[in-house]
Amino acid sequence: MSHVFERPSLLRRLSPWVSGFDGFLAFAVFLLVCAGLLTMYSSGYDNGSRFDDHARNMLIAGFIMFVVAQIPPQRLMTLAVPLYALGVMALVAVALLGVTKKGATRWLNVGVIIQPSEILKIAMPLMLAWWFQKREGQLRPLDFMVAGVLLAVPVGLIMKQPDLGTALLVLAAGLSVIFFAGLSWKLVAPPLLVGLIGVTLLVVFEPRLCADGVNWPLLRDYQQQRVCTLLDPSRDPLGKGFHIIQGMIAIGSGGVWGKGFMQGTQTHLEFIPERTTDFIFAAFSEEYGLVGNLLLIAAFLFLVLRALVIALEAPTMFTRLLAGAMAMIFFSYAFVNMGMVSGILPVVGVPLPFISYGGTAMVTLGLGLGILMSIAKSHRLMQS
């Protein structure tokens with residue numbers, strides 16, 4: 001009696017690897033990747049190998065996303081404590097033995113130059129989600145205080161480097177986990193109110209607060225200058241205010257429909273500083289105008305909302321908190337970058353996801369997407 005064994009098709013063999021992928025999330029990322037490649041080609045075609053390197057970084061991030069998506073959330077949970085501990089120890093090593101560039105000590109030489117603070121963008125929400133999962137059903141005020149300490153340690157070390165942009169992203173990711181875990185609005189509202197009052201007073205008394213010789217507590221001189229320049233870029237139009245002024249000129253010159261692909265004069269005449277990194281949104285705005293900006297913002301909102309839906313559908317507290325934190329990371333990246341380029345937030349060196357050039361940030365984004373895909377995949381497999 002003969003038996004015929006048919007070799008499974010390639011599609012069938014790949015099916016277990018991709019069947020759980022979230023199509024809506026992948027579609028949002030695809031749109032942003034296309035926007036990033038077009039913008040990088042235009043703004044960086046005369047800047048060495050920026051476009052080729054950007055495309056390579058995207059492929060690396062895609063591979064990382066694919067690999068992480070295969071890791072079950074339960075396995076991710078076991079990585080939370082060691083990854084957090086590794087990140088904090090690396091930050092301490094940076095403070096003691098770090099490499100200093102342009103007045104900042106943010107890097108560590110371990111044979112290759114690495115920036116340990118990037119680890120905390122993922123390790124921080126992992127750690128806090130693990131902490132609250134372990135205390136599910138019996139959360140007390142003390143548990144939120146411990147979470148606050150776990151968050152404050154790396155944020156303080158990153159601020160000391162100093163790296164305000166990364167510190168803000170880590171802080172936003174950690175606070176989102178704490179809030180989603182059930183922190184009362186009674187505790188959230190007072191700091192928000194104090195912050196609102198502080199911003200109002202800063203705007204009203206800006207001439208006095210930004211006068212020469214006035215020092216602010218908790219902020220370094222260059223950070224204070226960033227805030228003062230934000231309030232009045234014309235105080236130093238050829239220095240610290242140059243970035244903001246040129247960014248706003250480029251955004252305004254794009255008009256409603258934009259100047260068109262490869263037609264951005266502010267971009268190609270090199271008036272926009274950092275046109276392939278932090279200020280690439282200005283280059284995008286000049287070429288695609290208000291309509292392009294609205295479509296780009298819609299793509300980011302779709303990505304964030306889809307991540308929040310994945311969080312709502314997640315089966316455990318750990319996965320809900322982690323997915324919610326990933327959503328807030330993408331939101332924070334986009335909001336802070338667009339805000340600083342548009343002149344409504346201080347310049348803090350935060351890239352625009354999938355659009356700005358930068359290998360380390362792209363790896364972080366790939367990890368975040370992989371975690372979201374893993375959570376979505378586990379939910380679909382549980383339903384099937």
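These legends walk through a few close-up views of a predicted model. Residues count from 1 along each chain as its sequence is written, and side-chain values use heavy atoms, with hydrogens and water left out. Because the model is predicted, local features need pLDDT of at least 70 and side-chain atom pairs count only at pLDDT 80 or more, while totals for chains, interfaces and linings use all residues.

**View 1. The largest cavity has a volume of about 50 Å³.** A cavity here is a set of points, on a 1 Å grid over the protein atoms alone, where a 1.4 Å probe fits but cannot get out; lining residues have an atom within 4 Å of a point. Grid points are joined across faces, edges and corners, and a volume is the space filled by probe spheres set on the points. The structure holds 2 cavities of 30 Å³ or more. Look for Pro351, Leu352, Pro353, Phe354, Ser356, Tyr357, Gly358, Ala361, Met362 and Leu365 around the largest one. That lining splits into 8 nonpolar, 2 polar and no charged residues (Ala, Val, Leu, Ile, Met, Phe, Trp, Tyr, Cys and Pro count as nonpolar, Asp, Glu, Lys and Arg as charged, and the others, Gly among them, as polar).

**View 2. The second largest cavity comes in at about 30 Å³.** Ile122, Met326, Ile329, Phe330, Thr364, Leu365 and Gly368 line this one. The lining has 5 nonpolar, 2 polar and no charged residues.

**View 3. Strands S1, S2 and S3 make two hairpins.** Strands count as paired if DSSP finds at least two bridges between them. S1 (residues 99-101) and S2 (residues 104-109) run antiparallel, joined by 3 bridges, with Val99 opposite Trp107. Between those strands sit 2 residues, and Lys102 takes a positive phi near 55°. S2 also pairs antiparallel with S3 (residues 113-114) over 2 bridges, where Leu108 partners Ile114. Gly111 has a positive phi near 100° in that hairpin, which has 3 residues between its strands.

**View 4. Helix H8 covers residues 164-180.** Just past H8, Gly182 takes a positive phi of about 120°.

Key
On a 1 Å grid over the protein atoms alone, a cavity is a set of points where a 1.4 Å probe fits but cannot get out, and a pocket is an open set with protein on both sides within 12 Å along at least five of seven lines; lining residues have an atom within 4 Å of a point. Helices (H or I, at least four residues) and strands (E, at least two) are DSSP runs, numbered from the N terminus. The expected span of a helix is 1.5 Å times one less than its number of residues.
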